[in-house]
4 protein chains.
Amino acid sequence: VRHATAPSTDPADYPFHHDVRVRFAETDAMGIVHHAAYLPYLEEARVEWLERRGHPYPALHAAGSDIAVVEAHVRYVRALRFGDVVRVHVRVPETGRASFAVHYLLTVAGEVAATAVTAHAFVSKDGRPLRVPAWFREAAAAG
Amino acid sequence: VRHATAPSTDPADYPFHHDVRVRFAETDAMGIVHHAAYLPYLEEARVEWLERRGHPYPALHAAGSDIAVVEAHVRYVRALRFGDVVRVHVRVPETGRASFAVHYLLTVAGEVAATAVTAHAFVSKDGRPLRVPAWFREAAAAG
Amino acid sequence: VRHATAPSTDPADYPFHHDVRVRFAETDAMGIVHHAAYLPYLEEARVEWLERRGHPYPALHAAGSDIAVVEAHVRYVRALRFGDVVRVHVRVPETGRASFAVHYLLTVAGEVAATAVTAHAFVSKDGRPLRVPAWFREAAAAG
Amino acid sequence: VRHATAPSTDPADYPFHHDVRVRFAETDAMGIVHHAAYLPYLEEARVEWLERRGHPYPALHAAGSDIAVVEAHVRYVRALRFGDVVRVHVRVPETGRASFAVHYLLTVAGEVAATAVTAHAFVSKDGRPLRVPAWFREAAAAG
């Protein structure tokens, strides 16, 4: 999988979104959301996407496989603040045999706040790489 | 185990201490360390105490038992700020058959910043309660 | 304010609740939600309670006052797991002149998972104590 | 500043390092350090680098400027586990007028665990961009 493509900043390019409300605990002494707190937002949206596609992550985990994060890349455009409702747009642009990438666009009231890409691999419980399963490929193709 | 006794605010009552440096990620929009960030400080100091007593937590975990947190109580006296070196004083005042309590005093440059008590139980990997082992009782008695 | 009363384990005693979904980022290597992650759940529910009572926290903050956490006490009864929907029941049992306490009951599918008490003080932006405002007292009395 | 260059995996290319010990709170239900927890490690190492170069971040902050994170990119190579001592190697390969990049190599016992790049801008307290100050440029050039 090539992750080189920059994620789109047009919400229309994303088939799915999930809203997250900023917690006070996620802010820092600059008065804004700490940059590390974005990764759990992406994860929550990704998990929600999987679930809406009929594959709840806990079931996946119970079935003996996991989705490892092999790369994460965030571009911070506008600060997020306590109380903001962050819309996390999600898209799985392409999947390879061994890995796949997810693109994200974060908006607050329609304004771009951040873009992100994460790259993942399916792994067994003891960490060995697995092929990306057919159902995942289909879910991704369905948008 | 009775956890009713308030933890002492005198560092001399604590046989062990461990220093933690406040991370920027742990501050919040009030400009101070978020109250939830204290619990990992207590945990880090507790783990360090165990290790210095000859029982590194990873070995304990590998041997099939875990130490569950059954209660946590923190009193916040003075705010902690980014860059502060927090001295976490640790004491295990008494151990029962099934559980034990740990007392903490947090100081910055000698000033009391917080006190805390956590209560714990030894459990098997599948969560069943275990008796507090003899070695732990001895480590606690040794201070 | 006396915080000695234990929080009720009967949901009927709580006039308000807020649901939180457990994030994978909040779990730990014991496979359950880390004990420190509960405090942001309580905070999110408290903030939501304030907002439903007509006093969004960001407005409060913008108006120059803050609500400091002076104490937090959690009893962990049953572990929380990734994907659980945690119902955080909230109640403000009594308010004093200078401080107030909040009681919490956490349930998953109707089962008690934890109880908690936090104690708070209103403070100015530079940290000086303020009296608990009349509107807060009324909101608390209204349940 | 171009951030395209991949960070080196050779510790000899890094003039500075800082050790971080993995906390239990940073692990997740896969038994490894959660991917979001790496960003505070990078931040801690960056702050330490600044301090050793004679510019403690709190002083910088008190003087009215902040260092914003505009981009973060992590490649996760080997999992980190509870108790691991992570050596975070730090390098500031080049600085532009308005921004700079930091490269990181994370190793555990000499093995590569991750590489990362963060991009930053100096900003005033109200978020306006500032030029990268001369002292920073000199500190970066000094390695």
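The legends below describe close-up views of a predicted model.

In this model, local features need pLDDT of at least 70 and side-chain atom pairs count only at pLDDT 80 or more, while totals for chains, interfaces and linings use all residues. Residues are numbered from 1 along each chain as its sequence is written, chains are lettered from A in the order in which they are written, and side-chain values use heavy atoms, with hydrogens and water left out.

**View 1. Helix H1 of chain A, residues 38-52.** Helices (H or I, at least four residues) and strands (E, at least two) are DSSP runs, numbered from the N terminus. H1(A) has 15 residues and spans 21 Å from its first C-alpha to its last, close to the expected 21 Å, a value found as 1.5 Å times one less than the number of residues. Twelve of these 15 residues are buried, so the helix is largely enclosed by the rest of the structure; buried means under 20% relative accessible area, with a 1.4 Å probe and protein chains only. Among the buried residues are Tyr38(A), Trp49(A) and Leu50(A). Just after the helix, Gly54(A) takes a positive phi of about 95°.

**View 2. The interface of chain A and chain C.** Here 16 residues of chain A are in contact with 16 residues of chain C, contact meaning heavy atoms within 4.5 Å. The area buried between the two chains is about 1500 Å², of which carbon and sulfur atoms give 52%; this is the accessible area (1.4 Å probe) that two parts lose on being put together, summed over both. Arg21(A), Arg23(A) and Phe82(A) supply 41% of the area that chain A buries against chain C, more than any other three residues.

**View 3. Salt bridges between chain A and chain C.** The count is eight salt bridges, each a side-chain nitrogen of Lys or Arg within 4 Å of a carboxyl oxygen of Asp or Glu. One of them joins Arg21(A) to Glu51(C), where the closest N and O atoms are 3.0 Å apart. Strand S1 (16-21), H1 and helix H2 (57-62) of chain A each supply at least two residues of the side that touches chain C, and the largest share, seven residues, comes from H1(A).

**View 4. The surroundings of His103(D).** His103(D) lies in strand S4 (residues 100-108) of chain D, and it counts as buried because its relative accessibility is 4%. Leaving aside residues up to four places away in sequence, His103(D) touches several residues, including Thr5(D), Tyr14(D), His89(D) and Val117(D).

Note on methods: Buried means under 20% relative accessible area, exposed over 50%, partly exposed in between (1.4 Å probe, protein chains only).
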